[in-house]
Amino acid sequence: MWPFGKNKKKKEKERLASQATLAANAGHFSTSTNGSNGYPGSNGTAAASSQPLRPAAPPGSLPSLDDWATTPRVQQGLPSPRSEFGSMAQQQQQFLQQQQYFQQQQQQQQQQQQQGYPQYGMPQPQQQQPFMGGPNGGGMARAASSEGGSRPSSTGWPSGERPGMMMGQVLTHSTGGSQQALPTVPPPHPMTSPETDTPPCKYVVGIDFGTTYTGFAFHRVTAKKGLPEIVGNEMWEDQPMGLFSYKTPTVMSYGTANRDNKLYSWSAKAQGHDVNFERIERVKLALEETIPENMRPKLPSDLPAEHIIADFLAWIRDRMLAMIQDRYPMDTNLKPNDFLFCFTVPVGWSHGAHQALRRAASRARLIDHENSKHLIFCYEPEAAALACVHESDIDITPGSKMLVVDCGGGTVDLFLCKLDENNDLEELTLSDGRFLGATRVDTNFFTLLRQRIGLVAFDKFKSQPEFRKQYTEIEWKWEFFKRQFNGTLRDPLAITLPQQLLRIMSPAKLNELSTGEVILTQEDVRSLFDPVIEEIIAATRAQLRQAEEQGIGRVNYLYVVGGFGCNAYVRKRVTEDTEVAQHVDYPMLPRRPDAAVLRGAVWCALNHQNIKSRRARRTIGIQVLRRFDPNRDSPSEIASFDPTAPNDLSRAHVAKSVFVFAVRGMSVPYNARLVRGGFCVRSTDQRVINVCVYASDATPPAGSNRLEIDDCELVGTISIQLPPFAAGQALPRFTIEISYGRVELAVRIVDEATGQEWSQFLNHGHFEIHQ
């Protein structure tokens with residue numbers, strides 16, 4: 001139970017009726033087997049612990065079937081992926097055919113909603129499962145459960161009776177795992193599902209956890225028709241008078257003697273001069289490993305980034321619950337599963353950063369466990385695009401193309417998309433995310449200040465306790481000035497230095513500052529902004545050039561949003577750039593550009609399938625064996641020999657190839673499943689299968705579906721422990737499915753003979769499964 005409404009006995013007047021979890025054909029989540037909420041690691045049998053990512057042992061790698069084409073195993077009926085799945089171009093054509101079906105199902109879903117079925121909170125009507133073509137032109141149907149979905153209900157399985165567990169149980173590490181029985185084997189080509197995989201809830205909540213500012217907004221789910229009411233908080237504790245904003249500073253202060261003494265947001269900023277507290281800012285940037293070192297925040301050694309973020313999110317949770325209690329007092333005893341949270345994340349973030357944010361949300365008790373389906377992610381510019389579409393003051397016609405440039409505190413993200421007839425967005429180019437933003441301008445300002453004051457004096461001014469109050473005052477003055485700067489100054493900006501600082505400055509620097517002030521002219525201030533703005537313009541031009549090269553044509557609308565995007569000088573420079581203006585019809589200013597990402601997160605939670613398709617950010621595949629090549633491989637790297645010719649190195653194999661499932665830049669529909677079948681165990685002596693998922697910025701050569709493992713980086717591993725094989729027993733084959741049409745990555749593995757399956761979030765980590 002969450003910490004509010006404990007003493008109220010009044011029953012809830014409105015309860016969303018559905019008890020059935022909406023199953024996801026995308027394989028993102030598998031159903032629970034003992035009445036829990038259907039997530040990996042939630043059925044009471046999984047042992048979850050944190051383990052570092054580690055490469056899988058080569059002997060457990062799966063051989064690709066065409067690697068065995070000249071061995072006796074081909075006589076055992078093992079198909080060749082090259083003949084069964086065709087070329088990457090053929091696979092893409094199959095994918096496009098599936099998108100057409102996906103669009104038809106979305107239209108049906110909209111008609112059902114207009115007839116009184118809200119997106120969340122009411123049971124979804126049963127839909128006929130389609131027949132899906134196999135490699136030889138035939139078809140097979142997936143059996144539907146009694147709940148109307150494609151998987152068993154998440155309730156009704158007594159403890160100890162788990163479908164599909166014929167050979168033991170599943171043990172997972174880091175983020176859990178689960179398994180179930182499948183009555184049929186998925187077809188060996190990409191496919192999509194129109195069904196949602198998010199659970200019933202009472203509230204949908206958008207959280208924009210930003211580098212410099214954070215906010216939340218929510219909508220209470222009802223069966224009423226019409227536009228949803230999105231409620232945000234504009235009154236924060238210790239907020240400066242006259243300032244109203246959906247967002248509050250992402251700042252925390254911890255007691256130096258007692259870490260349980262904590263201050264948040266404006267309170268932490270206001271007490272920044274207190275020597276009894278240690279202030280922490282920009283902690284979000286600590287989650288992403290690729291952040292440049294000069295942008296990475298310095299954290300106390302005893303406070304991990306995830307714990308700091310969890311503390312801040314817990315504070316946000318309490319503010320949200322208090323606001324709900326004031327607005328909807330009838331809703332008492334709210335629990336984490338009464339909410340669906342949508343967190344926005346930068347485009348350039350890794351899967352590991354997403355998982356770190358999940359862990360922080362779980363620690364903050366926003367969700368009841370790390371892999372809860374009550375938390376989803378949306379890319380920041382996508383969320384902004386949803387807000388711009390749904391809250392537009394003009395009618396945006398289907399077919400319109402828009403470019404969203406989201407300028408935040410730590411990152412700048414771009415999203416070029418097209419609006420279709422169902423008000424869904426289709427990504428047209430590969431989105432771009434860069435470590436730019438307002439913090440870069442802050443860095444430039446304090447670098448200039450250090451040059452004017454002197455290195456030694458500035459370092460003392462910044463770090464020593466006796467100067468904290470004066471240093472904080474300069475920070476505040478700069479922050480408010482930065483927001484208001486429009487490119488011109490009537491009078492120079494004068495920063496008065498405290499007397500204590502003047503006493504420790506060198507005589508040479510004192511002579512340069514004859515008035516005891518640091519004076520910044522209009523040109524000085526522009527020099528702080530311009531390097532960052534030039535990079536934003538370069539990123540915007542790159543998106544427009546992509547559109548021109550792909551024949552997309554002119555962009556109808558350009559939106560510059562985000563906290564930094566609210567700055568008049570930034571917006572003016574970007575929208576009035578000559579090259580940008582040549583490719584854009586109308587630069588637009590949304591109602592609340594600073595809150596576009598936050599409000600868009602709520603729209604995404606209401607119907608996350610509004611993002612109809614995305615471009616694959618990276619090439620994704622799994623590690624497989626390939627032929628030993630003496631020109632690039634060492635004999636010590638050999639993972640297996642042909643048993644019929646053990647001394648013939650030309651028939652040996654090394655685990656240095658990656659079989660590609662999705663190519664960087666490929667259009668991937670939401671809820672898409674990329675499926676490849678026929679992966680085999682190579683011998684009766686094999687006791688472990690390591691499904692190692694790799695990502696790369698490279699693309700396979702023309703006509704190939706392979707990359708070298710040296711060109712890729714390991715995302716995560718799923719290890720399946722095999723039981724001993726009986727004499728004459730057929731070696732198992734596996735179908736592997738990767739869900740890659742959304743922010744998070746998921747993997748599903750199916751034993752083709754028994755139908756036993758395992759599903760797993762694979763944001764980052766290593767997972768062991770024992771049969």
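Colleague: Where is Asn423 placed?

Modeller: Asn423 sits in the loop between β16 (412–419) and β17 (425–427). Helices (H or I, at least four residues) and strands (E, at least two) are DSSP runs, numbered from the N terminus. Please keep in mind that this is a predicted model, where local features need pLDDT of at least 70, side-chain atom pairs count only at pLDDT 80 or more, and totals for chains, interfaces and linings use all residues. Residues are numbered from 1 along each chain as its sequence is written, and side-chain values use heavy atoms, with hydrogens and water left out.

Colleague: What phi does Asn423 have?

Modeller: Asn423 is not a glycine, and yet its phi is positive, about 65 degrees. Asn333 is not a glycine either and has a positive phi of about 55 degrees. Asn333 belongs to the loop between α4 (305–327) and β13.

Colleague: Is Asn423 buried, exposed or partly exposed, and how is that read?

Modeller: Buried means under 20% relative accessible area, exposed means over 50%, and partly exposed is in between (1.4 Å probe, protein chains only). Asn423 has a relative accessible area of 38%, so it is partly exposed. Gly348, at 40% relative accessibility, also counts as partly exposed.

Colleague: Where does Gly348 lie, and which residues is it in contact with?

Modeller: Gly348 lies in the loop between β13 (339–345) and α5 (351–363). Contact means heavy atoms within 4.5 Å. Leaving aside neighbours within four places in sequence, Gly348 is in contact with Glu288, Asp413 and Gly433. Glu288 is 60 residues from Gly348 along the chain, with 9.1 Å between their C-alpha atoms.

Colleague: Now to helices. How are two packed helices described?

Modeller: Two packed helices are described by the angle between their axes and the distance between the axes. Axes are lines fitted to C-alpha atoms, for helices over the stretch in contact, and angles run from 0 to 180 degrees between N-to-C directions. Here, helix α8 (residues 455–463) and helix α9 (residues 468–484) pack at about 95 degrees, with their axes 7 Å apart. Angles under 35 degrees count as roughly parallel, over 145 as roughly antiparallel, 65 to 115 as roughly perpendicular and the rest as oblique. α8 and α9 are therefore roughly perpendicular to each other. Phe458, Phe461 and Lys462 of α8 make the contact with Gln470, Tyr471 and Ile474 of α9.

Colleague: Which rings are linked into a cluster by ring pairs?

Modeller: Rings of Phe, Tyr and Trp (its six-membered ring) pair if their centres lie within 6.5 Å; planes under 30 degrees apart count as stacked, over 60 as edge-to-face and the rest as tilted. The cluster includes Phe458, Phe461, Tyr471, Phe485, Phe529 and Tyr569. By this rule the count comes to 27 aromatic pairs. One of them joins Phe659 and Phe661 edge-to-face, at 6.1 Å centre to centre and with 80 degrees between the planes.

Colleague: What surrounds Tyr569?

Modeller: Tyr569 lies in helix α13 (residues 568–575) and counts as buried because its relative accessibility is 5%. Not counting residues up to four places away in sequence, Tyr569 touches Phe485, Asn486, Gly487, Arg526, Phe529, Asp530 and Ile533. Tyr569 and Gly487 are 82 residues apart in sequence, but 5.1 Å apart in space, C-alpha to C-alpha.

Colleague: How many helices and strands does the chain have?

Modeller: The chain has 15 helices and 35 strands. Of its 771 residues, 59% count as buried.
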